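Biologist: I'm new to this one. Could you walk me through it and tell me what the words rest on?

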Amino acid sequence: MNAGVKRSGGRRPDALRPVRLQRGFTRHAEGSVLVEFGETRVLCTASVEERVPPFLKDSGRGWVTAEYGMLPRSTHTRTDREAARGKQSGRTQEIQRLIGRSLRAVVDLASLGQRTIQIDCDVLQADGGTRTAAITGGFVALHDALSWLKGKGLLAQWPVRDFVAAVSVGVFQGVPVLDLDYAEDSACDTDMNVVMTGSGGFVELQGTAEGAPFSREQADTMLALAGRGIDELIGHQRRALGL
């Protein structure tokens with residue numbers, strides 16, 4: 001691993017930014033977590049709703065879904081709230097679908113029963129990796145909401161089958177690196193988001209060459225970096241949950 005690449009904060013190519021997961025960050029939600037990946041901060045809340053979408057009516061199955069949004073000054077310049085514009089951007093819709101898919105991948109929806117867990121991910125401050133932070137923190141918020149249901153005696157069976165987390169990787173200054181911040185993301189040759197389970201299964205890969213195409217060798221290196229990073233992130237999740 002080439003340690004000579006110049007990264008923000010002097011990080012090695014295989015180093016995550018400092019990660020912090022603060023549970024119980026808000027008072028009212030059944031699960032709430034402030035997740036920090038370096039200077040990126042996302043508030044994830046999980047709300048239990050005793051209803052399901054119409055396509056699941058009378059199916060005996062529950063649902064896990066997500067919404068995502070960025071506060072107006074979460075970035076360098078103010079952007080209008082999407083509610084003020086009257087519609088969500090394609091980027092927002094893509095990210096919230098990704099979060100929902102990622103979390104559903106590790107939940108037995110039949111064991112959840114006829115209810116929905118709504119995950120809301122609000123970006124307070126963006127410095128790259130907001131979607132990966134949202135998935136990683138969203139899982140902890142979801143876990144807390146499910147623990148709340150279990151404590152109320154409303155779950156016949158524990159529905160969580162595995163952990164799930166996400167991280168970005170990329171080719172920056174010609175070197176595969178882990179967990180890109182905004183400066184690196186905006187200047188990288190390749191950007192990839194990886195979602196994986198605790199057992200090592202892939203949920204989603206989103207990879208794009210921003211400049212020159214990346215090689216199979218670089219792809220393999222990036223996936224190996226992502227795997228190690230996600231192992232670390234799941235360690236943070238376990239410690240936050242006391243597991």
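**Contacts and cores**

Modeller: Let's start at I119: beyond its neighbours within four places in sequence, I119 is in contact (heavy atoms within 4.5 Å) with T45, A46, V64, T65, A66, E67, L103, G138 and L142. This is a predicted model, where local features need pLDDT of at least 70, side-chain atom pairs count only at pLDDT 80 or more, and totals for chains, interfaces and linings use all residues. Residues are numbered from 1 along each chain as its sequence is written, and side-chain values use heavy atoms, leaving out hydrogens and water.

Biologist: What makes a set of residues a nonpolar core?

Modeller: They must be buried Ala, Val, Leu, Ile, Met, Phe, Trp, Tyr and Cys residues joined through side-chain atoms within 4.5 Å; buried means under 20% relative accessible area with a 1.4 Å probe, protein chains only. The largest such core has 59 residues, and V64, I99, I117 and I119 touch the most other members. Helix α4 (residues 130-151; helices are DSSP runs of H or I, at least four residues) gives the largest share, 10 residues. Another core, of 6 residues, lies apart from it and includes F172, V175, V177 and L180.

Biologist: How much of the protein counts as buried?

Modeller: By that cut-off, 50% of the 243 residues.

Biologist: And the secondary structure of the protein, what does it come to?

Modeller: 6 helices and 9 strands, a strand being a DSSP run of E, at least two residues.

Biologist: Why is the protein called as compact as a globular protein of that length?

Modeller: Its radius of gyration, taken over C-alpha atoms, is 18 Å. The globule rule (2.2 Å times the number of residues to the power 0.38) gives 18 Å for 243 residues, so the protein is as compact as a globular protein of that length.
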